[in-house]
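Hi everyone, thanks for making time. I'd like to walk you through a structure that may be new to you, so please have a look at it with me.

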Amino acid sequence: MLEKIILDTLNNDHYIPSDYHQIAQEIMYQHEEYDLNEIYKMLVKLENEYKVIRVKNDKIQSLERLNLAYGRLDVKRKGFGFVRTDDFDVFVKSNDLNGAINKDEVLVKINKKTKEGVEGYVYRVVNHGYDLIVGEVVVVKNKVYVKADDSSIKQLLRVTKKNINGAIEGHKVLCYITEVDKNNGYIYVAIKTIIGHINDVGIDILSVVYKHGFNPDFSKEAIKEAKRFKEEDIKIEYRVDLREKITMTIDGADAKDLDDAISLEINEEGNRVLSVSIADVSYYVSEKSELDKEAYARGTSVYLVDRVVPMIPHQLSNGICSLLPNTDRLTQTCRMEFDDEGKVINHEIFESIIKSDYRLTYDEVNQLLEDDEEMIEKYKDIRTTLNEMHKLSLDIRKLRYQRGMLEFDVVEPKIIVDSKGEPQDIIIRERGEGEKLIEDFMIIANETVASHIYWMDLPFIYRTHEDPNPDKIAEFLNFASVYKLKIKGKSDNIVPKDIQHLLEDIAKTDGSSFLDKLLLRSMSKAKYEKENIGHFGLASKCYTHFTSPIRRYPDLIVHRLLRKYLYNNLVPDKKTLMKIDDRLVKIGEKTSQKERDAIEAEREVNDMKLAQYMLKHIGEEFSGHISSVTNFGLFIELTNTVEGLVHISTMQDDHYTYNPQFHMLIGQRTNKQYRLGDKVDIIVESVDIKGGNIDFILQPVK
């Protein structure tokens, strides 16, 4: 309420820019319920959030009155960019960036609003988006520069002699901005760390790791803390002892950070009781410790082609926190009792200690459920339990599907590399019943934990997924009408069931995979938030992430809050609750961003390795489908998921124009059409490994 009062005051046409004291006096005169200290604190908060700024003589003005907006700059390869604000995007020409570079937080001055969008120029750089920039040292006319790996940073970054720090030409380095000279446009940097030489094995992937803000090395203090924990120090204390329960983990064959274990029993009432036990990382990574600082800075583990960049050191992630078989491990357990239909009718959440009896892989569970004789013999002692688990997972999945859960048919590649990082093969990842079983159990545990705290009305962090943007859905439906696809509801009032039915119809359509992808692009992105707004994709009213604290920071926070609220039975006072609230807002924003950074890093490495794989196939012919149509050409996806560009300049049999409404290129003379999903034959023309780009040409008609 106070925030609105202050902003309304500053946005009033009669407002004359004033300092903190003058604003406070005016508000207290009209609203006696607020004191000077409260108003000062709110003004500081608004200033920190860039909703107000200081002008001359420390006078305060709102961004709205100054026609400014705050956001993050997204610079495209061609040099122009967009400032992403909470409410809209502002287009900025390359010569209006005012020294700002990609990912910078900026204030943008809005100078034009049209039907096509909003235009403006960068008024001020608030914070540089890159604490550290990754690049290659180059020498031009005896002067040292860094060429940034981020292709949106077009200019070379200058390095003075005192800031070279021993780097030579060809070194991949981490550098930071020391000065931006707006008069000549130079950006000066100092080299902090030498990553390695461009020809060293693995430097290509390591550079991507650093580029997206992840550090593969932990501080000496954090490693020292991690080494302090010993197996013999594990104590039962006040925990529920589950070591006598038949317990198992089910993960990928190469997984080492095993953070979830499951067990199933039938109780006296004949109901199924599932225990999902999760590694109690919060017991080891305490708040404000060095380990915690490092985990928060990363936000998530990053899973790349040939390595994992962990959120916490291997001594914990692969050691004392990992739920290894036949080993005592500290956990937090969500135990759920189900009725015959698969509904949770009772639950409890508690601290526990387990000893996993079996370490199964997804492939083994899949084979066992398909009655593979070797697997039946190997796991004969738990075959009945696994079959019961499978039945329960099907019941849980059925209920989730009935309420509208969405399943997109997205194909993911697994790139096989040798010891030198050279790609040898591309395998399509398969999701069998083993993978789905664990997914079902983790989702129901996450929902149960989230609902428990939600009804306690205490600050918490939720995994949220907003309803899709009506305009994007309308745009998709406009295109999909060509395939006689439509939605039963209204595009401005979509519910999960509507999208679910649409996906079912898409599955019956030729080219369903590209329509799936196009619809997926219309969906909002999931994120972490303090407010519970539900999860659209899961059709869930209340959802969190509780099940992976080894690799996700929000899960670690969930565990800490559970200890505070449930195990220690602490009900914070009003002041403490407000502090927790504020902290959770920041954690939600930071971890959501780090999740996006990790996805970008994984995607960039995949693109690079896929391009490297196709280097051996230049000149060869392949078949594929048009996965995207732009005004500059066609993107073609091959059956092995490799995607390349057929540039419009190579399509010389006609002059093609772009129809954005129907995602088509149309020949003006022949009326020949290339549209999304069409099958085409191509020849691999060239490969840019560093950029992860592959160029195709259309195979001439024989």
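Predicted model: local features only at pLDDT ≥ 70, side-chain atom pairs only at ≥ 80, totals over all residues.

Let's begin with the rings. A pair of aromatic rings is described by two things, the distance of the centres and the angle of the planes. Here the count comes to 16 aromatic pairs. Take phenylalanine 80 and phenylalanine 82: their ring centres are 6.0 Å apart and their planes stand at 85°, so this pair is edge-to-face, because planes over 60 degrees apart count that way. And how accessible are these two residues? Phenylalanine 80 is partly exposed, with a relative accessible area of 27%, and phenylalanine 82 is partly exposed too, at 23% relative accessibility.

Further along, ring pairs join Tyr454, Trp455, Phe460 and Tyr462 into a cluster.

Now for the charges. Which residue lies over the face of tyrosine 528? That is arginine 463, at 4.6 Å from the ring centre. Likewise, lysine 113 lies over the face of phenylalanine 88, and there the distance to the ring centre is 5.7 Å.

Searching the whole structure turns up one cavity of 30 Å³ or more. The largest cavity holds about 30 Å³ of space. What lines it? You'll find Lys486, Ile487, Lys488, Asp498, His501, Leu502 and Asp505 around the largest cavity. Sorted by class, that lining has four charged residues, two nonpolar and one polar.

Note on methods:
Residues numbered from 1 in each chain as written. Heavy atoms only, no water. Phe/Tyr/Trp six-rings, centres within 6.5 Å; stacked < 30°, edge-to-face > 60°. Buried < 20%, exposed > 50% of the residue type's maximum accessible area, 1.4 Å probe, protein only. Lys NZ or Arg CZ within 6 Å of the ring centre and 35° of its normal. 1 Å grid on protein atoms, 1.4 Å probe; cavity = no way out; pocket = protein on both sides within 12 Å on 5 of 7 lines; lining within 4 Å. Points joined across faces, edges and corners; volume = space filled by probe spheres on them. Nonpolar A, V, L, I, M, F, W, Y, C, P; charged D, E, K, R; others polar.
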